[in-house]
Structure formats: structure tokens, C-alpha cells
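Hi,

Here is the structure I promised to pass on.

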Amino acid sequence: GERKAEGQQRVQQIRRSTERKLKQQSRTEEQRKMNQPKRKSNQALSEQIQAAHELWKAKQQRCMPDPIVDSSLSSLVRYVLQNRECAWHCLGVSKNATHVDVRKRYLELVLRLHPDKACDERALEAFKVVVNAY
């Protein structure tokens with residue numbers, strides 16, 4: 001009888017300790033899940049800070065702005081039409097850019113400004129400017 005009672009007590013102790021361990025594991029997993037989105041938001045914030053720093057650095061070095069970065073079609077059209085006199089500025093590349101860089105930028109601009117894709121009337125004019133600049 002005593003052995004059976006001791007065995008049952010031992011089984012209950014093991015169950016309790018196992019339940020405690022499982023609860024602790026689930027708490028740590030919940031804490032980890034709760035902290036994970038914060039890390040993502042911090043990562044997104046650090047990416048925004050890095051992008052802002054690169055923009056500031058480009059302005060400090062007096063680099064030309066990248067017209068492709070701005071996703072608005074109207075601002076891209078406005079940028080191209082304002083810089084139509086200089087082919088380098090129109091394409092948004094520096095004068096020491098390689099032929100590969102110029103071609104890559106040309107293709108990006110042509111795809112965005114193509115009359116079949118862009119519904120804006122001024123986009124056609126900007127498209128012609130980019131083609132002539134290339």
C-alpha cells in the first residue's frame with residue numbers, strides 16, 4: 001500500500017512539474033511572439049532611417065535625385081520634362097555612368113512612361129524626351 005501511494009505521489013509530482021514546464025514554455029513563446037512584431041517595426045524604422053540617411057548623403061554629395069524612387073507617375077513626368085535639356089539629368093544618371101547603367105535606367109523609364117501603360121497625356125511627351133535622351 002505504501003509503495004503504491006508513493007508511486008502515485010511521484011506520478012503527481014512529475015505531472016505538476018511537467019505542467020509547470022509547459023506553462024513556462026508557452027509563456028516564453030507568447031513573449032517571443034509579442035516581441036517579434038516590435039523587432040519587425042524596429043527593422044522597418046531602421047530601414048527608413050537608412051533610406052533617409054542615404055538621401056541626405058546624396059544631397060550632400062550633390063548627386064542627382066533618382067526619379068525612379070518616387071512611385072508617382074505625375075512627379076516622374078514632371079521631373080523628366082523639367083530636365084529635358086540635359087540627357088544625363090533626364091535619364092537621372094551621372095555623367096560618369098556606364099553604358100549598362102544608362103541602358104538600365106532608360107529601360108526603367110520607358111517601361112513606366114510607355115503610352116500603353118501610362119494614361120497621362122504628358123507621359124507621352126516625357127516618353128519621347130527619354131527616347132531622344134537615350
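R84 counts as partly exposed, at 38% relative accessibility (partly exposed sits between buried, under 20% relative accessible area, and exposed, over 50%, with a 1.4 Å probe and protein chains only). Bear in mind that this is a predicted model, where local features need pLDDT of at least 70, side-chain atom pairs count only at pLDDT 80 or more, and totals for chains, interfaces and linings use all residues. Residues are numbered from 1 along each chain as its sequence is written, and side-chain values use heavy atoms, leaving out hydrogens and water.

R84 forms a salt bridge with E125, with 2.7 Å between the closest N and O atoms (that means a side-chain nitrogen of Lys or Arg within 4 Å of a carboxyl oxygen of Asp or Glu). Since R84 is in the loop between α2 and α3 and E125 is in helix α5, the pair ties together parts 41 residues apart in sequence (helices are DSSP runs of H or I, at least four residues, numbered from the N terminus). E125 is partly exposed too, at 36%.

The structure holds two salt bridges. R105 and E108 also pair up, at 3.3 Å from N to O, and both lie in helix α4, three residues apart. R105 is buried at 13%, while E108 is partly exposed at 27%.

R105 also shows up among the residues that L91 touches, including V102, Y106 and L109, not counting residues up to four places away in sequence (touching means heavy atoms within 4.5 Å).

Cheers

Terms used: Helix = DSSP H or I, 4+ residues; strand = E, 2+ residues; numbered from the N terminus.
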